[in-house]
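Keep the sequence and the model side by side as you read. The paragraphs below walk through the fold piece by piece.

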Amino acid sequence: MESLKTIILKNNDKLNDSEKKIIQFVVSNPQTCSKLSLSKLAKKLYVSESAIFRLCKKLGLSGYSELKFNLDELARNQSENLKVSYNFAQELKKANNDVEKFFSTLSLTTLYQSIDKTNTVYIYSTGWQQELIAQYLAHELFVIGIHAIVLPAAFDELVQAHHYAKKGDILFVISFNGDGIILNDEISKLKLSSNKLVLVSLTNMRQNKLASIAHYNLYFPVVSFMVESDMKKVAFTPAYYLIDLFINDYLVWHHRGKE
C-alpha cells in the first residue's frame, strides 16, 4: 500500500494552489486532522466540504474516510520515528544546562539582602506538581535556617497573606505558565494593597503576566517524558535544579558577607 506522501507526490500536478495548501496543512498536522470530521476540517480550513472531497478524488482516494485513514497511519509513523530519535536524558541535560546559563545572568543581591532581613518566606503554588516544588523550596530554606510557610492552594489563603505578613516578608509564587487570570488578579491586588511583601515568581515561560507583576523572576523549562504532545507528561527536574542553584548562590553570597 502506497504511503500518503507517495500518493501526493504522484498526483501533485493535478492539484491547484488551494488544494496544495489544504494537503500541506493536513500532512503537517496528521494527528489532529485524522480526528476531525469532514465538516470540522472544512470549517478549520475555511473551505467547503466539497473542496476537500474533490481533493480526495484527485489523489485517487475513495473519499474523506480513506484520507483520514492515511493521515492516521502517517501520524503513527511519525510518532514511532520520534520515539526512536527522542533521547530523554539528552533533553534533560540540555534543559538543566539552559537553567544554569539563565541563572548565571541573574543579579540577585537585593533579593538575598531581603532574605537576610525577612521574618518569614511564604510560598504559594498552583497545581500538584507546583505544590511539590513549593514543599522542596520550603525544605531547602529550612535547612539553611530560613523560616518558610507553604500556603494552602486556595485563593482565600493568598488574599489573607498580606494581613498577617510583616514588612519585608517574601512571597514566592510558583505557577507553570504564569498566565492564570484569577491568580494574577489576586497578586496584582496584593501588590497594590500592601507594600510589605517582596514578590518572587517561579514560572515555566519567560514572558508571562505573573513575571511582569513580581519584583523578581525565576524561570525553568520542563522536559517531556513522552513525545506525543497530547500526553502532557513532563519532568519538572529543572525547577528543582534551579532551586538548588538559588540556595547555593545565596549561601555563597551570605558567607562572603561575613568574611
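The model is predicted.

Start with the sheet. Five strands form an open sheet, in the order β2-β1-β3-β4-β5, and the pairing is parallel. Strands of a sheet pair through backbone hydrogen bonds, either parallel or antiparallel. Which strands stand at the edges? They are β2, residues 148–150, and β5, residues 216–219. Each has a single partner strand, so one side of each lacks a neighbour in the sheet. On average, neighbouring strands are turned by 20 degrees against each other, direction ignored.

Helix α9 spans residues 128–143 and touches β1 (121–125), β2 and β3 (170–175). The direction of α9 makes about 165 degrees with that of β1.

Next come two loop residues. Thr118 sits in the loop between α8, residues 109–117, and β1. Is Thr118 buried or exposed? Its relative accessibility is 14%, so Thr118 counts as buried. Buried here means under 20%. A polar atom of the Thr118 side chain lies 3.0 Å from the backbone oxygen of Thr120. Leaving aside residues up to four places away in sequence, Thr118 touches Gly168, Asp169 and Ile170.

Leu151 belongs to another loop, the one between β2 and α10 (155–164). Its relative accessibility is 5%, so Leu151 is buried.

Turn to the cysteines. How many disulfides does the structure hold? The number is zero. Cys33 has 0% relative accessibility and is therefore buried. Cys56 also counts as buried, with a relative accessible area of 0%.

Charged side chains come last. Side chains of opposite charge can pair when their charged atoms come close. A search of the whole structure finds three salt bridges.

Take Lys58 and Glu19. Their side chains meet in a salt bridge at 2.9 Å, N to O. Lys58 lies in helix α5 (residues 49–58) and Glu19 in helix α2 (residues 17–28), so the pair ties together parts that are 39 residues apart in sequence. Lys58 is partly exposed, at 28% relative accessibility. Glu19 is buried, at 6%.

Arg76 and Asp72 make another salt bridge, at 2.4 Å from N to O. Why are they separated by about one helical turn? Because they are four residues apart in helix α6, residues 64–85. Arg76 has 46% relative accessibility, so it counts as partly exposed. Asp72 is partly exposed too, at 34%.

Lys94 forms a salt bridge with Asp98, and their closest N and O atoms are 3.2 Å apart. Both residues lie in helix α7, residues 88–104, where they are four residues apart, about one turn of the helix. Lys94 counts as partly exposed at 47% relative accessibility. Asp98, with a relative accessible area of 33%, is also partly exposed.

Notes:
Residues numbered from 1 in each chain as written. Predicted model: local features only at pLDDT ≥ 70, side-chain atom pairs only at ≥ 80, totals over all residues. Heavy atoms only, no water. Pairing = 2+ DSSP bridges. Axes fitted to C-alpha atoms, helices over the stretch in contact; angles between N-to-C directions. Contact = heavy atoms within 4.5 Å. Buried < 20%, exposed > 50% of the residue type's maximum accessible area, 1.4 Å probe, protein only. Polar contact = N/O pair within 3.5 Å; in protein donor to acceptor, adjacent residues only side chain to side chain. Disulfide = S-S within 2.5 Å. Salt bridge = Lys/Arg side-chain N within 4 Å of Asp/Glu carboxyl O.
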